[in-house]
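Dear colleague,

I am handing over the structure below, together with some notes on what turned up in it. Please read the notes with the coordinates open beside them.

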Amino acid sequence: MNATRQSTTGSQTETLWDGIIVGGGAAGLSAGLVLARAQFATLVVDGGEPRNGPADHMHGYLTQDGLAPKEFVARGRSELGRYGGTLVQASVIEAVRTSVGTFELRLDDGRVLRSRSVLVATGLSDELPDVPGLAERWASTVHHCPHCHGYEVRGRGIAVLGNPATAMTSAVSAHLAALMRRYSPSVTFCTNGTEVGDGERQRLAAYGVRLVDAPVTRVATPAGTAGGNTVAVELGDAETVLCEAVFVAPRPVPHDAVLTQLGAAADPASGLVAVDSQGATSVPGLWAAGNVVNPRAQVVAAAGAGSTAAINMAGRLLDQELSAAVNRERPDGGGGH
């Protein structure tokens with residue numbers, strides 16, 4: 001019913017989309033699928049750098065467990081196109097809300113897109129502690145999510161590296177050490193400058209987690225094990241912890257520039273852009289879903305949040321069209337039959 005709306009000014013034809021989704025991961029593609037199936041003119045803008053791109057597999061998504069993230073995205077793009085959704089490979093560098101309540105998004109290729117509504121699903125970056133050798137092993141032998149990767153390293157030697165970057169990463173580090181003990185009898189928590197209270201230390205030790213307090217100086221491949229999975233976590237007191245998997249709690253850095261440019265309010269407690277249960281921000285017509293507003297969301301949760309937000313978007317778009325239809329019927333509504 002709703003084809004792409006076009007208005008002509010001079011010789012220039014401008015497209016007004018019903019919904020633009022910024023970000024083409026699980027949340028964004030799920031939202032695009034819902035809107036496209038509902039016959040709204042839908043465009044997904046994707047910069048092509050998903051958070052889980054380096055991973056070989058994703059887990060915890062019923063019927064999709066073990067699927068490669070790249071294959072998941074490829075299938076999602078195909079399904080979006082099947083229902084008439086459009087995808088462009090680009091990044092949004094500027095976003096404004098117009099005086100009439102629509103949105104204008106400027107892309108890094110110079111194009112300007114216009115839409116009645118916007119959903120931001122741009123995800124986040126994982127900022128790792130500044131430990132040499134850690135980033136090079138990210139998503140191979142270094143992980144952050146036990147629910148995503150814990151089962152695959154069950155029974156192996158595991159080292160958890162504390163991250164003192166923030167109070168949140170410090171607290172998550174201790175929780176991560178305890179949780180990894182569910183998967184292995186050999187877990188060493190290298191506190192690495194994080195503050196761990198006496199009570200928490202007692203709990204961890206009683207649960208079977210070994211704690212070492214020297215700073216981590218390097219993560220390396222032990223001599224003579226090239227090509228293997230053994231990792232050497234080198235400490236400042238000359239001790240080396242040998243393991244087969246390293247877990248760390250990164251500092252999440254949301255890609256929320258579009259949201260902040262459009263004036264979306266942040267949650268004072270978390271600092272993240274605030275959304276309600278439907279993904280709506282404080283700005284009318286603007287939604288957000290996935291890791292950009294929920295760093296802990298796995299793929300399945302991000303997809304669900306995108307779907308929920310898109311259903312809410314569709315309701316608002318429909319309400320606008322019903323109001324416009326009534327206005328057209330009125331003698332003073334600016335138009336008739």
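Predicted model: local features only at pLDDT ≥ 70, side-chain atom pairs only at ≥ 80, totals over all residues.

Helices here are DSSP runs of H or I with at least four residues, numbered from the N terminus.

Helix 1 itself covers residues 26-37, and its 12 residues should span 16 Å at 1.5 Å a residue, which agrees with the 17 Å between its end C-alpha atoms. The helix is mostly covered, with 9 of its 12 residues buried, among them Ala26, Gly28, Leu29 and Leu35. What covers these buried residues includes strand 3 (19-22), strand 4 (42-46), helix 2 (69-82) and helix 7 (299-329).

Strand 7 runs antiparallel to strand 6 (residues 92-97), to which 5 bridges join it, and Val92 stands opposite Leu107. These two strands form a hairpin with 5 residues between them, where Gly101 in the turn has a positive phi of about 90°. Strand 7 also pairs with strand 8 (residues 112-115) in the antiparallel sense, over 4 bridges, with Arg106 opposite Val112; in the turn of that hairpin, Gly110 has a positive phi of about 100°.

Finally, the second largest pocket has a volume of about 300 Å³. Of the 14 residues that line this pocket, Asp56, Ala139, Ser140, His143 and Glu152 are the closest to its centre, and the lining divides into 3 nonpolar, 7 polar and 4 charged residues.

With best regards

Conventions:
Residues numbered from 1 in each chain as written. Heavy atoms only, no water. 1 Å grid on protein atoms, 1.4 Å probe; cavity = no way out; pocket = protein on both sides within 12 Å on 5 of 7 lines; lining within 4 Å. Points joined across faces, edges and corners; volume = space filled by probe spheres on them. Nonpolar A, V, L, I, M, F, W, Y, C, P; charged D, E, K, R; others polar. Expected span 1.5 Å × (residues − 1). Buried < 20%, exposed > 50% of the residue type's maximum accessible area, 1.4 Å probe, protein only. Contact = heavy atoms within 4.5 Å. Pairing = 2+ DSSP bridges.
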